[in-house]
Amino acid sequence: MEFMLARRGKRRAAATVPDSGLTGPVDIPEAPSPEKPKDLKSRLARMRTSIAGTVRGLPKVARLTWQASPALTILITLITLLSGLLPTVTAYVAKLLLDSVVAAIQHQATTTDIVRVAVIQFGVLALTAISSALTTVAQTLLQERMTLTVRHQVMAHASELHLAYFEGSASYDVLRQAAQEAPRRPLSMMNSALGLVRMTITFSSMIVLLVVISPVLAVVALLAPIPAFLSQSKYGARTFWQTFLMSPIKRRMDYLSSLVTTDNYAKETKLFGLGPYFVDRFRKLGEVSYERQRKLTVKSNAASTTWGLLSTLTGSVIALYIALEAVGGRLTLGDLALYTAAATAVQTSVSGLFTAFSGMYENNLYLDTLYKFLDTKPEISAPAEPRPFPSTVDGHIEFRSVTFTYPGADEPALDGVSFEIRPGETVAVVGRNGAGKSTLFKLLCRLYDPTSGQILLDGVDIREYDPVELRRQISAMFQDYVTYQGTAAENIGLGDLDRLEDRPHIEESARRAGTDERIERLPRGYDSPLGRWFDQGVSLSGGEWQKIALARAFHREAPLLILDEPTSALDAQAEHDLFSRLRELASGRTTLYISHRFSTVRQAERILLLENGKVAEYGTHEELMAAKEGYAELFTLQARAYLDEVPAGC
Ligand SMILES: Nc1ncnc2c1ncn2[C@@H]1O[C@H](COP(=O)(O)OP(=O)(O)OP(=O)(O)O)[C@@H](O)[C@H]1O
């Protein structure tokens, strides 16, 4: 892995393709070779390191396979052991058959002897066929179970992880890889490992057989495949790095492809005439990657075939030697057949051993990502003894010198923020883009913890509560709300799992959000599927979706109501209606909302103005207007823009 990281660093330095791939040269760095060990000693040393790393990965994979299905794991292990021996037994029985035929011709054996060997041969062949069928069945079933197990583990773990993990690009990459690549890797690793065991058994038993015939032959058979093995190992590693280096390019190609084939992007790509440009970029990247792949494939195959021919030549010379020995009567015809079969088997198993090992090595790299992901501890979790919530939560919120810097960011998004919201009060949060408004909400929901300072709910630091319980006390709608591909009722019901199918409450929530009439007009009312995933799914407008998301927030009757730009997509009438209802909706709850429209902001009991992550002003509309500072300026700016349009006399 260290080796890999070193390479990664190099790749970053060498990469000439800009991260997005949308512009810039289309070039792929060469597969690295300067660190390639030149001599046999260092080659072996590197092999030892990779073998050790790979072998260390095995117990975890075995555990995963066992978790997926103990019965199938036992079955596949037994079959592997058996099928490792079968080629040797088959070759030996073929020798016996040939020897008994020759003996019968020379009148030293009877037809019965031949029939006996033929029956044994049938048994061995039948066993081979059965074990191969059983392997297929066990592998297919195990693959299914394994995929389910790993996907389940990844999903369960992802649902526990803190938001920062999803918002950081490096960690998100790990998550994507764990979710997409990992499910098929453990079985692949297990198969490679079992393949390794099978090949080793075949290989060793064949060597034992050969030693019995002639120890010299055994040594030669052992040495003959080495040139091919070395050449394969050289190109195998190079192929891995090539694939590794090309993966970012492949990702960029996928991205370019999605830009032209995904509905969400279609409007804009058409409007800006970007389609042909993206297609052309895709083609260029594709050509470079194909060319690189072609060179490597041709080179590696040419080399391994050349070295392979050397092994074949050695094999043939020895076969000739055995044939002459057989003619001289020093070896039997069966020995000749056995040697030929054994030499081929040894050769196949040596290259099989390599393939299995390089498969394990590669799979292990992917699995490392899976384990890394599964080993990540959620940064925000319940304390050992979480403080229970009282039966009624008042909703008294206090920020005490809260400073927060996003992981990896240079500047704090919130800087020494202090303010207090009385129970049941409605507060509007305003400020320019990037002032820290949404961040404030994320901290209140404990999606992040402050870098310093404290957030208190009813006088208690929110870190003392179980975060899951804390979030139960909050109804929230974020700017980037989710549009669930489900029915209208499900879209709303998901706001409170305890009331997922409570139709009267869902309808009431829809009414509160002002979307009840629209839903009733849908072809199947609340049971109408929304979104494009469904054949008959209804495509809603942006504002209509926003009202559904609002209804989902209202569905949860929590003491805190948090709305991040709840009316950004609503028409003027809908916005007015919502805010006229907000008093009713907010009654008995502490409510915070972010808005850029000052007509709605002034309706709040108090207004919090954030500037560059700091509280600039906090007070009632009247107080802030009287102060004639930031808020008053922004308000007047917006009001003037409207008033200028108002005809005189109105
Ligand atoms: N996940 C994140 N990682 C790093 N920085 C972030 C992240 N989210 C926001 N920021 C940064 O934190 C600052 C505050 O962002 P925030 O989303 O809170 O602003 P906002 O006031 O809600 O803006 P807007 O009005 O545009 O929604 C911004 O400078 C932004 O770039």
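1. Helix axes are lines fitted to C-alpha atoms over the stretch in contact, and angles run from 0 to 180 degrees between N-to-C directions. The model under review is predicted: local features need pLDDT of at least 70, side-chain atom pairs count only at pLDDT 80 or more, and totals for chains, interfaces and linings use all residues. Residues are numbered from 1 along each chain as its sequence is written. Helices (H or I, at least four residues) and strands (E, at least two) are DSSP runs, numbered from the N terminus.

2. Helices α7 and α8. Two packed helices are described by the angle between their axes and the distance between the axes. For α7 (residues 185-213) and α8 (residues 215-223), the axes come within 5 Å and cross at roughly 145°. On the α7 side, Ile-207, Leu-210, Val-211 and Ile-213 meet Pro-215, Leu-217, Ala-218, Ala-221 and Leu-222 of α8; contact here requires C-beta atoms, placed from the backbone, within 7 Å. The residues of this contact divide into nine nonpolar, no polar and no charged. Ala, Val, Leu, Ile, Met, Phe, Trp, Tyr, Cys and Pro count as nonpolar, Asp, Glu, Lys and Arg as charged, and the others, Gly among them, as polar.

3. Antiparallel sheet. Four strands form an open sheet in the order β2-β1-β4-β5, with antiparallel pairing; strands pair if DSSP finds at least two bridges between them. Because β2 (414-421) and β5 (460-461) stand at the edges, each with a single partner strand, one side of each is left without a neighbour in the sheet. Two bridges pair β4 (residues 452-457) with β5, and Leu-456 stands opposite Asp-461 in β5.

4. Strand β8. In β8 (residues 590-594), five of five residues are buried, meaning that 20 or more other C-beta atoms, placed from the backbone, lie within 10 Å of a residue's own. Thr-590, Leu-592 and Ile-594 point one way, Thr-591 and Tyr-593 the other.

5. Partners of β8. Strand β3 (residues 426-431) runs parallel to β8, joined by four bridges, and Ala-428 stands opposite Tyr-593. Strand β7 (residues 560-564) also runs parallel to β8, over five bridges; Leu-561 has Thr-591 as its bridge partner.

Terms used: Contact = placed C-beta atoms within 7 Å. Buried ≥ 20, exposed ≤ 12 C-beta atoms within 10 Å, placed from the backbone.
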